[in-house]
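Open the model in your viewer and keep the selection panel at hand.

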Amino acid sequence: MCGIVAYLGKKVAQPILIEGLKRLEYRGYDSAGVALLGSDGIRIRKTSGRISALQEILDEPDSTQTLGIGHTRWATHGEPNTVNAHPHIDYTGKVTVVHNGIIENYDTLRTWLQNEGVKFASETDTEVIANLIGYFYAKDADGQDAELPKGQNKFEWSVQKALGELHGTYGLAIVCSDFADMLIGAKKGSPLILGVGDSEYILASDASAIVEHTTQAIYLSDNEMVTVSPDGFHTKTIDNVTVTKDLQQIEFSLDQIELGGYAHYMLKEICEQPKALSTCMGGRIDKRNERIKLGGVGDHLRELTRTKHLILTACGTAFHASLVGEFLFEQLARIPTETEYASEFRYRNPVIQDGTVVISISQSGETADTLAAVEQAKERGATVLGIVNVVGSSIARATDAGIYLHVGPEIGVASTKAFTAQVTVLTMLAIELARRRHISSTQAAEYIDELAQIPDKITQILQQSDHIKEIASANIDRDNWLFLGRGFNYPVALEGALKLKEISYIHAEGLPAAEMKHGPIALIVDGMPAVFIAPAGPQYDKIMGNIAEVRARGGKIIVVATEGDEHIKSAIGEADHLITVPDAPEILQPLLTVVPLQLLAYHAAVLRGHDVDKPRNLAKSVTVE
C-alpha cells in the first residue's frame, strides 16, 4: 500500500519526486523519504510523518541529481519512524531500495545475512532486500566474483539473484551508486508502472504520479523487471528472459486528480457521482433496442447466461457492492449467488462446480486478497471475470474478461464513486442476464429506463448536503451508532457504518434491521443514533416496526426515506432526523440511499477535525495481505 516514485531523465529529480509523492500520499502517509544520485553519490533524506515533514528537511535541489527514488509509507514491518522509513541502503552503502509489499521470508534471510556479517539498521523487511542485493553485488554466494551472463551488468545480475530468494510481494525501485544513470524496477504482486516521456522515465506504483509528465506507460506483470538508462528501457523476467511490453495510453488526465476547488477529494468524488455513473453507463445502455451492451464480457455472456452458480468475491466497500450484486443476480436473473470475502476465500476449500463463474471486484484492481482469490478460482477451473476501475491493473490482466468502471481516478481513501459504479455495473449485468434468462424485454426496458435516471436523482440528493451536515453536527458527540436496513438496503447499512468508522473514527455497526432484536438491541441507550434506510418497498412496514422499537428505548432516529413519505414524518419524533431520496425501484435503491450516508460520514469527520482523505491507519489500495 506504499507509494513509490522514481525518476531518470535530464531534469532535476528532487522536485519531480516530491510532486509524485504528494500525488501518491493516499497510498500511505506514515513516513516518507527520497534517495538522490548525483556527483557526490547517494544522498538519502527521510522522516516519519507526511510529505510536508520531508520537505522541511530537504536540501536545495542539486542540478547534478537527475536520478532518484522516493517513497511514502504505510507501515507493515516496523513502526512508522524515521529509521524504518524508506529508502533503505545496503550495508556496503551502494544499493538503495524503496519497496511496496511484504517479504514473507525476511526473518530467515535476515538471520542468514547476519551470520554472514551483514549489519542491519532497521526493523523492516525492505532492508533485507537492499542487503541481499548488496551482498550479491559484492560477491556471489561462494564468496567469489560473480560470473555474469553475456550482456548483463553486475547490478542487474545482483538484483535478479536477490529476487530469486524472496518469497512474498514486491514493487521495487532500486539504484546503485556505481551506476549513476541506471534505474531498476521489479514487480510481484504489487503494482508498478513505467511512464515513458521525452528522454525521461518515471517509475511509480500508479499513474497519478506519472500523468503530469507523460501519458505513455508500460505496465509490468508479476515476475518482471525493467532496467532504465539514458539509452532507453528494456524489460525481462526476473529469470533474465527478455519480454516485450507495448506502450499504453494512461486513460485519465491531470485535472481529474486535482481537487478542483473542493475541500477534500472525498467530497469531490461524492459530488462526481452523477457524472461518473453517466460515464460508466455511457455506450452500455442501448435505449433504441432496450438492451445492455457489456463488450468486456461479450464473449462470456453465454457462460454467464447458463451458469448455475455465481460467486462474487471482494474486500471492504467492494464486498458491500458484491452483496448488492448477490441480491440482484438472485432476484432478477434467478442465479444462485454467494458473496465471499476475498481474504477468506483462498484459505478455505471453496466449492467450484463445473460451470461456476467467479466475479472479482476491486476499485484499484490491485487488492492482494482479491487477486489471490482470482488465482485460486482459476486453478479450480472457474471462469473468472473482473470488475475494476484501473485500466491495466493486475486483476484486469489476471481475469478471463471483465468490465471497467470508467469513473476516473479515485483518490479519497474512503471509496464513494467506485462503490456506486460497482453497483451500477452489477445492475447492468444482472438486467442483461435476467432479460436473457427470466424476465420479459418489456420489464428489462423499464429497469433500463429507471437506471438511466439515477444520475439526475443523485444530483437531487447532493443538494441536501447542508441539511445532512446539520444532522451530523447534532450527533457527532456520540461514540456508538447503528445502521439498519432490510433487503437491498442491508448492504447499504453495512457501507454506511464502514464509511463512518473509516473517517470519523466513530464506532458504528451495520445490521439487517430484523437482527437487531437478536442481541444488538441491548446496546441502545438514550440518545444513541440509529440510522434506518427505509425507502418505500416491500419491507417498509417491517422496518417501521424496527424504528418504533429503537425509539421506545431512547435511541435517536435518523431515517433515509422516499420523498413524499408523509407517514414516516408522523412516525418519527421532532427530535429525530429525516433525509429523503427520490423514488426508485427496490433493485436500484442502493444507488440512491448510500449517497446521504457518504455525506453524513464526510461531514461528521470534518466536524470532528479529521483528515478525511488520509484517515489514520488506512491506505487506499491494500496491496499486502
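Helices (H or I, at least four residues) and strands (E, at least two) are DSSP runs, numbered from the N terminus. By that count the protein has 20 helices and 27 strands. The radius of gyration, taken over C-alpha atoms, is set against a globule rule of 2.2 Å times the number of residues to the power 0.38. For this protein the radius is 26 Å, close to the 25 Å that the rule gives for 625 residues, so the protein is as compact as a globular protein of that length.

This is a predicted model: local features need pLDDT of at least 70, side-chain atom pairs count only at pLDDT 80 or more, and totals for chains, interfaces and linings use all residues. Residues are numbered from 1 along each chain as its sequence is written, and side-chain values use heavy atoms, with hydrogens and water left out.

**Select everything**

Along the principal axes, the C-alpha atoms fill a box of roughly 80 × 55 × 45 Å. Buried means under 20% relative accessible area, exposed over 50%, and partly exposed in between (1.4 Å probe, protein chains only). Of the 625 residues, 61% count as buried. Contact means heavy atoms within 4.5 Å. Among contacts in the protein with a separation of 6 or more, 71% are between residues 24 or more positions apart.

**Select residues 170–176**

This is strand β7, and seven of its seven residues are buried. Show the side chains: Tyr170, Leu172, Ile174 and Cys176 point one way, while Gly171, Ala173 and Val175 point the other way.

Which strands lie alongside? Two strands pair if DSSP finds at least two bridges between them. Val97 has Ile174 of β7 as its bridge partner. β7 and β8 form a hairpin, with two residues between them.

**Select His264**

This residue lies in the loop between β15 (248–249) and α6 (265–271). Is His264 buried or exposed? His264 counts as buried because its relative accessibility is 17%. Now show Tyr602: its side chain makes a polar contact with the side chain of His264 at 2.8 Å. A polar contact is a pair of N or O atoms within 3.5 Å; within protein, one must be able to donate a hydrogen and the other to accept it, and residues adjacent in sequence count only if both atoms are side-chain atoms. Leaving aside neighbours within four places in sequence, His264 is in contact with Leu259, Tyr602, Val606, Val612 and Asp613.
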